[in-house]
Amino acid sequence: MSANRWLATGNFFTTYQEEQRTFITNLDRLIFSIFLLILFTWPIFFPLNRTYMLVINNILVAVIAVLGLNLVTGFAGLISIGHAAFMGIGAYTVASCSRVLGDSHILITHFWPILILAGGAAGAITGAIVGLPSLRLKHLYLAIATLSFQMIFEWAIKFLTFFNQGQTISVGRVMWFTGEIGREKHYVFWYYVTIILIVVLGFGIRNLFKTRYGRALVAVRDNDRAADAMGMHPGFTKVYAFALSGFLAGVAGAVHAFLYKGAGIESFTLHHSITYLAMAIVGGLGTLNGSFWGPAAIQMLNLQVEKFSEYAGNYLPSAMNLATALRPFTFGLVIVLFLMFEPRGIANWWRITKSYTKTWPFRY
Amino acid sequence: MSYFFQIVVSGIVVGSIYALAALGLVLIYKSSRVANFAHGQIIASGAFITYALTVWATIPIYISFFISLIITFFLAWSVERIFLRRLIGEPIISVIMVTIGLASIIDGLIYLTPFGTKNFSFPQFLPSEPIAIAGVSISWTQLVGVIITTLLIGSFSWFFKKSTVGISMRAVSDDQFASMSVGISVPSVFGLAWATAGLSAAAAGGIIGNITGLNFDTLHAFGIVVFPVVILGGLDSILGAVVAGIIMGLIQQFAGGYLDGNWGLNGTGEVLPYIILLIILLIKPHGLFGIHEIERV
C-alpha cells in the first residue's frame, strides 16, 4: 500500500489482503459513500412523477436480472437465452401465492420480503434443474437448451388455468411500518427496496469473487480441463452458476411482480431474454459495473426511440407505426455495433475514463 | 383409419418444410460453426420478396420465385460479408448475439413495410380442388411444395457430393487449416455457405407463404422451431435435417391430432419439439446423424 491512503497512482500491494480490497483508496470509499447517499436521498428532494419513477424502477429491476445473467454468461461463460423465464419463475411464485391466498393476504402485505426471497429460491432451484444439461454440454448446445426452457415455460404459463393462461394475476399492495403503501408512494417505495437489494446483492457478488467458489466460476470459463485438474468439479460449478443466476433472476422477478402489482406472461417472453442478454453485452460481459450500464443504456435508448418516433410520426401517414419498426431496428443495431466495435462494452469506457482521471495530467 | 393417414400426409408436408428450413441452418453451421438465429427473418424476407414480385410487380410466380431465390442469395451473402466476416475467431457468444441482433434489425426493416403488420396471401395459381385418394386429401399447393422441397434437397445433396465448390465447402467444415493449405479460400466459402442458406431459406419462405399465407409472426417463428429439428438430426448433417424435419412434422401433427382436446391438453404441438430437444440434449447431444464432437466435462 502506498503511504498516501487517499490517492494512489499505481498498484503498490504488498499483501494479498490489500489486493482483495473492494476500495483501493479512501477516496474511492468516500466517493462511493457519497454516491450511495445521493441514491438514497434524491427522491426526497426531487420528487419525480410516476412515469419517470417507473422508468427508473424498470432499470433497477433489470439491473438485478442482468447481475444474475452476468454471473452465468459473463463470469461462468455459459450462454443463457432463458433468463426472462427464470425471472418469470420468481414473479409467478409471488403471483401463485396471491392466487392461492388472495391478493391481500398477510403473507403478501406484511411478509413480502420473505416472498421475494422465496421467489429467489424458486428461481435458484429451477436454475439448477435447467443447468443440469451443462454437466454434458457447452456453448451453443447449452444456449439452445436454455432457449427450449424458455419456450416450455411460456407454453406452460399460457396453458395452465392456474396461471390464468398468461393473463395478469394481481398482487396486492404491501404494508410498511407507516401503513399501507398507497398509489403515490408505490414507485418510490419500490425504488428504495430495489436499491437496497442491488447494494446487498452487488456487494455479495463482489465478495463472491474473493472466495474459491467465485474464482472457480472464472476458472471453469477460462479452461475447464485445467480447472478439473486443480480439483474443481466443472459440471457442478456450472450447475451452481445457473442456480446463483436463477436466484438473482427470481428476486428480480418477484420485485417486478410487486412493482407492477401483478404478473403476466408478456413480461417474460423470449424477447425479454434477448433484451437482458443485450443489456449484459452492451454493459460489458464479465464486469460488475457493466450490469449497471447495460440496462440503463438500453432502457434510455428505448425511451429516446419512443420519443423520436412520436415526433416523427406527425410527419408520416398515420397508418405507419414507426415505433414498432424503429424499436427492434435500433436495438439490433446497437447490439451489432457494440459487438463489432466495442465487444467489452460500456464498462470498458468507464475503465478508460477512470484510469485517465487517475493519472491526469499524465498519460499513464 | 383415413384420419391416421391424413395426419401422416400433413405431417410429411409440414416435415418437408421443416427440412428445407433446417437445411439453411445446417449449411451455415456445417461450414462456419455459427448458429444463425436470424434464419426465420431470412425465410420471412424470402417469402415477402416473392410476394412483392408476384403481386406488385406482376411477374408470373414461376419466375418471381427464382428471382427471389437469387435476391436472397445475394442478401445473405452480403450479410455475411458485412457483419460476420469481422467476427471470425471471436467467442461464440459474440457470434450468436450478432445473429440475434441481425434478426432484430431485419425485424425492424420488415415492420417498416406493410408486411410487418398486415396479412397477405398469394394469388391462387394451382387448382383449388384438393387431390383425394381413399379419403386422404392433399392440396395442390402442398403437393407442389413437397415436390419442390424434394428437388431442392436432392440438388443440394448432389451439389455437396459432386461439385467442386460443394466439396470445398465440406473440406472447410472438416478442417479449416488443411483446406487453406490446398488453396481453398475459407472466408469466401463462409460467404457462399450463407448465400446458399439464404437461397434455401427463400425457397422455404416461398413455399410456406403459399401454404399458410403471409403472416410475419408465423414466418419468423420458423427460425426458432428449426432448432429442435437440427438438434435432433445433428447440427451438421443434411440427411439428419431431412429425417429430423419429417420426424418433427409427424410428431407435431400427431400431437395436434391425438393429444389436443383429450385430457384437457391444448397446443401440445408447439411445446413437444422443445421437450424432445431437451431430452435429446441430455442423452444424445450430437443428434441422429451428427458428428460425435461433444465434450464431456
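**Figure 1. Sequence separation of the contacts in chain B of the predicted model.** In this predicted model, 74% of the contacts in chain B between residues at least 6 apart in sequence join residues at least 24 apart. Chain B has 11 helices and two strands. Read from the N terminus on, the elements of chain B follow the order α-α-α-α-β-β-α-α-α-α-α-α-α. The C-alpha trace of chain B spans about 60 × 50 × 35 Å along its principal axes. The radius of gyration of chain B is 19 Å, which agrees with the value near 19 Å for a compact globule of 297 residues. Of the 297 residues of chain B, 53% count as buried.

**Figure 2. Overall make-up of chain A.** Chain A has 15 helices and four strands. Its radius of gyration is 22 Å, close to the 21 Å that the globule rule gives for 364 residues, so chain A is as compact as a globular protein of that length. Taken along the principal axes, the C-alpha atoms of chain A fill a box of roughly 60 × 50 × 50 Å. Of the 364 residues of chain A, 43% count as buried. Among the contacts in chain A with a separation of 6 or more, 77% are accounted for by residues 24 or more positions apart.

**Figure 3. The contact between chain B and chain A.** Chain B contributes 38 residues to the contact, and chain A contributes 37 residues. On the side of chain B that touches chain A, at least two residues each are supplied by α4 (92-112), α9 and α11 (268-283) of chain B. Helix α4(B) provides the largest share of that side, 17 residues. By class, the residues of the side of chain B that touches chain A are 26 nonpolar, seven polar and five charged.

**Figure 4. Packing of helices α2 and α9 of chain B.** Helix α2 (residues 39-56) of chain B packs with helix α9 (residues 216-233) of chain B at an angle of about 140°, and their axes are 7 Å apart. The crossing of α2(B) and α9(B) is right-handed. From α2(B), the contact is made by B:H39, B:G40, B:Q41, B:I43, B:A44 and B:A47. From α9(B), the residues making the contact are B:F216, B:L219, B:H220, B:A221, B:F222, B:G223, B:I224 and B:V226. The contact of α2(B) with α9(B) comprises nine nonpolar, five polar and no charged residues.

**Figure 5. Residue B:T218 in helix α9 of chain B.** Helix α9 of chain B also holds B:T218. B:T218 has 16 other C-beta atoms within 10 Å and is therefore partly exposed, a class that lies between the limit of 12 or fewer for exposed residues and that of 20 or more for buried ones. B:T218 and B:G40 are 178 residues apart in sequence, and their C-alpha atoms are 9.3 Å apart in space.

**Figure 6. The largest nonpolar core.** This core has 203 residues. The residues with the most contacts inside the core are A:I64, A:A65, A:L248, A:V255 and B:A22. Helix α11 (residues 234-259) of chain A gives the most to the core, with 15 residues. In soluble globular proteins, nonpolar side chains tend to be buried together.

**Figure 7. Residues A:V255 and A:L197 of chain A.** Leaving aside residues up to four places away in sequence, A:V255 touches A:V61, A:I64, A:I116, A:W190, A:V193, A:T194 and A:L197. Residue A:L197 is found in helix α8 (residues 183-208) of chain A. A:L197 has 23 other C-beta atoms within 10 Å and is therefore buried, the limit being 20 or more. With the same exclusion of residues up to four places away in sequence, A:L197 touches A:I64, A:V251 and A:V255. A:L197 and A:V255 lie 58 residues apart in sequence and 9.7 Å apart in space, C-alpha to C-alpha.

**Figure 8. Residue B:Q252 and its contacts.** Helix α10 (residues 238-259) of chain B contains B:Q252. B:Q252 counts as buried because it has 23 C-beta neighbours inside 10 Å. Not counting residues up to four places away in sequence, B:Q252 touches B:V14, B:G269, B:L272 and B:P273. B:Q252 and B:V271 are 19 residues apart in sequence, with a C-alpha to C-alpha distance of 8.9 Å.

Terms used: Residues are numbered from 1 along each chain as its sequence is written. Chains are lettered from A and ligands numbered from 1 in the order in which they are written. This is a predicted model: local features need pLDDT of at least 70, side-chain atom pairs count only at pLDDT 80 or more; totals for chains, interfaces and linings use all residues. Axes are lines fitted to C-alpha atoms, for helices over the stretch in contact, and angles run from 0 to 180 degrees between N-to-C directions. A crossing is left-handed if the near helix is turned anticlockwise from the far one by less than a right angle, and right-handed if clockwise. Two residues are in contact if their C-beta atoms, placed from the backbone, lie within 7 Å. Ala, Val, Leu, Ile, Met, Phe, Trp, Tyr, Cys and Pro count as nonpolar, Asp, Glu, Lys and Arg as charged, and the others, Gly among them, as polar. A nonpolar core is a set of buried Ala, Val, Leu, Ile, Met, Phe, Trp, Tyr and Cys residues joined through C-beta atoms within 7 Å. The radius of gyration is taken over C-alpha atoms; the globule rule is 2.2 Å times the number of residues to the power 0.38.
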